[in-house]
Amino acid sequence: MFDFGPFFDNIDQILEGFWATVRLAAVAAVLSMLFGTILVSFRVSPVPVLRTFGTVYVNVLRNTPLTLVLLMCSLGLNDELALKFSESNSTYYWWAVLGLSGYTAAFVCEALRAGVNTVPLGQAEAARSIGLTFGQSLRMIILPQAFRAVLAPLGSVLIGMIKNTTVAAAAGYAEAATKMKDLLDLPSFTSGALPLFIGVAAGFMILTLPTGFFFGWLHKRMAVAR
Amino acid sequence: MTDSEGEPEPATGGGPQDAIPGAGPLVVVEHVDKHFGELHVLKDINLTVNRGEVVVVIGPSGGGKSTLCRSINRLEPIDGGTILVDGRELPKEGKELARLRADVGMVFQSFNLFAHKTILENVTLGPIKVRKQGRAESEKHALELLDRVGIADQAQKYPVQLSGGQQQRAAIARSLAMKPKVMLFDEPTSALDPEMVNEVLDVMTGLARDGMTMIVVTHEMGFARRAAQKVVFMADGQIVEENTPDEFFTNARTDRAKDFLSKILTH
């Protein structure tokens, strides 16, 4: 039952799957941070339209199951409405990136908003009093301090995002968990399911544990002393 | 004491003309009203501050001193009346307002130095990002200012590494770096340990001597006597008395001011 033979026999496929996971997670990490930062700027902005947009976006995306978001991207937007990034299969990769980033951005936004609330009001007043515009004080004074305050929670959001890549199969993108399922579905696969699960789980931990440690370390190192 | 709308003169004995002759008005506050919900915190405030003049605003807590100070660079929006700085009315929002604020220095009770930036970066941020000066030039000027307030050796430290008095002097340098037309001080020494009050007041006295136009909300009567040309006594959202420091402290005209002074000067 605990024969890791099948796992290592198919290590090529599994590593290929994890490479696909890494490609998805890395780009989604960058984009979700970017979108999340833009969203939080909207949510704290003095312009009511932007604030409303930010609030609606966050509440819709945060409360929709990721599977639905990704299915809507692949089946709805790509297939049904023919909004394709390319004619090849890479269109599904990009839809998976966009869906996952758009979803994760809502959580990044909320983490950052908690961070904005830790920055004393006086910092913004001082920024305004030397003539910085709202955008400048957000960019140079508020957000840098907000980021530093929530690095550890942002690490958790990223860990969640990395694990959520397993849902990308719904967008027609094959990553590590899809490969695993494909292997399990092979008629020739008769035993060794448990070792396969354990192996793939360990693979994810190799990605997520350092992420968590790194952000925890960064959080301590970058903390703003008051 | 009346508080009727449309009365041109503030309810004080002194007129606005008894300042330095030949220097025009720099800050003009006219019929300013402000509410916090039900609370009427500024009631028909009229005040003129001339170029080079140092005005000290004193009075009991909750009298509207800080609110008046903060409304002059629109950190607090006002409900009615006008505030002119150098002949121009305060713009409502946006870039215009930011530009005007750059000309009005502000020093806060709690210093409010940017916590994630060094002292030098605190002082150069405005000149570089708002005035669009070069970095080298801004740093040179910043170090001169830090030297002037006596903390040039602290330039590379972060705010939290400095004492309160040093932080406040850094905050003054940060404001001065913008070459402001007028400086607002909102209780600059109230959050300081007693032994650090004088180092800040000395810097402020030096500024006053150099001809900086200053509006200072403070409880430091010694500073008011030493550096101010005018004392404005505020209570219950009104300017109750406007007077010279000597007259005010020895021979206040209003009972409200006499009462206040008797409470703070007898021990």
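**View 1. R70(B) and E125(A) form a salt bridge between the two chains.** In this predicted model, the closest N and O atoms of R70(B) and E125(A) lie 2.6 Å apart, and the rule finds 1 salt bridge across the interface of chain B and chain A. Between the two chains there are also 7 residue pairs counted as being in polar contact, with both residues of each pair at pLDDT 80 or more.

**View 2. Several elements of chain B supply residues to the side that touches chain A.** Helix α2 (94–102), strand β6 (104–107) and helix α3 (119–129) of chain B each contribute at least two residues to this side, and the largest share, 4 residues, comes from α2(B). Sorted by class, the side of chain B that touches chain A holds 13 nonpolar, 4 polar and 8 charged residues.

**View 3. Chain B and chain A bury area between them.** The size of an interface is often given as the accessible area that is lost when the parts come together. For chain B and chain A the buried area is about 1900 Å², and carbon and sulfur atoms give 64% of that area. F114(B), A115(B) and H116(B) supply 29% of the area that chain B buries against chain A, which is more than any other three residues supply. In terms of residues, 25 from chain B are in contact with 20 from chain A.

**View 4. A nonpolar patch lies on the surface of chain A.** The patch is formed by F2(A), F4(A), F8(A), L194(A), F197(A) and I198(A), which together have about 580 Å² of accessible area. Helix α10 (residues 193–222) of chain A gives the most to this patch, with 3 residues, whereas F2(A) is found in the segment before α1 (5–9) of chain A.

Terms used: Residues numbered from 1 in each chain as written. Chains lettered and ligands numbered in written order. Predicted model: local features only at pLDDT ≥ 70, side-chain atom pairs only at ≥ 80, totals over all residues. Heavy atoms only, no water. Contact = heavy atoms within 4.5 Å. Buried area = accessible area lost by both parts, 1.4 Å probe. Salt bridge = Lys/Arg side-chain N within 4 Å of Asp/Glu carboxyl O. Polar contact = N/O pair within 3.5 Å; in protein donor to acceptor, adjacent residues only side chain to side chain. Nonpolar A, V, L, I, M, F, W, Y, C, P; charged D, E, K, R; others polar. Patch = residues over 30% accessible without salt bridge, like charges linked within 9 Å, V, L, I, M, F, W, Y side chains within 5 Å. Areas by Shrake-Rupley, 256 points an atom, 1.4 Å probe, with all protein chains shown as cover.
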